[in-house]
Amino acid sequence: MERKDDAPILGIESSCDETAAAVLAPDGRILAERVLSQIADHAAFGGVVPEIAARAHLSALDTMVKDALREAGVGFLDLAAIAATAGPGLIGGLLVGTGYAKGAALAAGVPYLAINHLEAHALTARLPSVGQVEFPYLLLLLSGGHSQCVAVEGVGRYRLLGATLDDAVGEAFDKTAKLLGLPYPGGPALEALAREGDAKAVKLPRPLLGREGCDFSFSGLKTAIAQLLAAEPPGALPRQHAADIAASFQASVTDILGDRLSHALAMLPGAKAVIVAGGVAANLAIRARLGEVAGRAGKTLIAPPLRLCTDNAVMVAWAGIERLRLGKTSALDAPCKPRWPLEAL
Ligand code: KG4
Ligand code: ZN
């Protein structure tokens, strides 16, 4: 069947706790986007429960895709291709998203694209509405599952400059927030509480600060806070004390990230820009520090709008467009890969 040059692409994301679908024109214009967060389904457990996530994706995805297609004014047969996150992530959700995408691609007779979730975050900076950033650039991916510093040299060409040795930065926020009795997900709640606190009130470690390279480590910070709290008298923590701990924790993370970015910049002097992505990029103190560090090196910090920083399907569709342009489509028997590092692309 002949397809029009302006045939749009459908993207599907289901690797963690967001079910999302988006339809993009081939030039990257967003025609429709849908995201459904499962936060409420998992809140009672203090973290994402894989089986609950998979079932929630299964019940939501079909409606979300059809709503997105309707809003874009197209049907499956009008599409140029269908892209879905195939990893890394939780296997149940990945199977739901890729199974749906493969079935629809087969039925509509269009190519299927198995997208690496990290690549999708990495290429968001090239969306026309974000910055059309040229290669090479530096990506700081700061989410609940990942903390990585990546040299993005082309589609499918990624060099890992550093990564966390233990917890992801969002995980450190979530665990610290839990220790302080804040609701899940802890990042936004901790940032809000930190505004009332004194960042110098509590002395906390800054693991790896000044060390060669740009690896991260956050678990020592969490342990320090756990020990601090264990020494407190029993009973509720006074609010001001909790706020001081939150502010001191955030200051420590901010110092670590700023220091790591300055090292990463030295490792990729030709970077055209610095991009920050992932839920932690929402944190204003962190954003401000990364902006200062990038500015001192003569680089611009680009932070995509929050809805494109956190998990979404626009980035999956866009990565699909970039791959389709290069003829890099996937076979219908392409597997899901719960572990799928960027360097393996
Ligand atoms: O990228 P994301 O939405 O999901 C994945 O992990 O893939 O990131 C979620 C993480 C959570 O750990 C959450 O606590 C953290 O981002 N986060 C924040 C803030 N908003 C979200 N951390 C610090 N400050 C924030 N304002
Ligand atoms: Zn993500």
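Domain bounds, as I use them today, come from an automatic or database domain assignment. On that basis, the chain is divided into domain 1 (9-124 + 309-344) and domain 2 (136-303). Taken over C-alpha atoms, the centres of domain 1 and domain 2 are separated by 27 Å.

Please keep in mind that this is a predicted model, in which local features need pLDDT of at least 70, side-chain atom pairs count only at pLDDT 80 or more, and totals for chains, interfaces and linings use all residues. Residues are numbered from 1 along each chain as its sequence is written, chains are lettered from A and ligands numbered from 1 in the order in which they are written, and side-chain values use heavy atoms, with hydrogens and water left out.

I turn now to the boundary between the domains. Domain 1 and domain 2 bury about 1,700 Å² between them, 69% of it on carbon and sulfur atoms. Buried area here is the accessible area (1.4 Å probe) that two parts lose on being put together, summed over both. Which three residues supply more of the area that domain 1 buries against domain 2 than any other three? They are Ala 122, Cys 309 and Leu 342, with 31%.

Finally, on the side of domain 1 that touches domain 2, helix H4 (117-123) and helix H11 (314-325) are the elements that give two or more residues. Helices are DSSP runs (H or I, at least four residues), numbered from the N terminus. The largest share, 5 residues, comes from H4.
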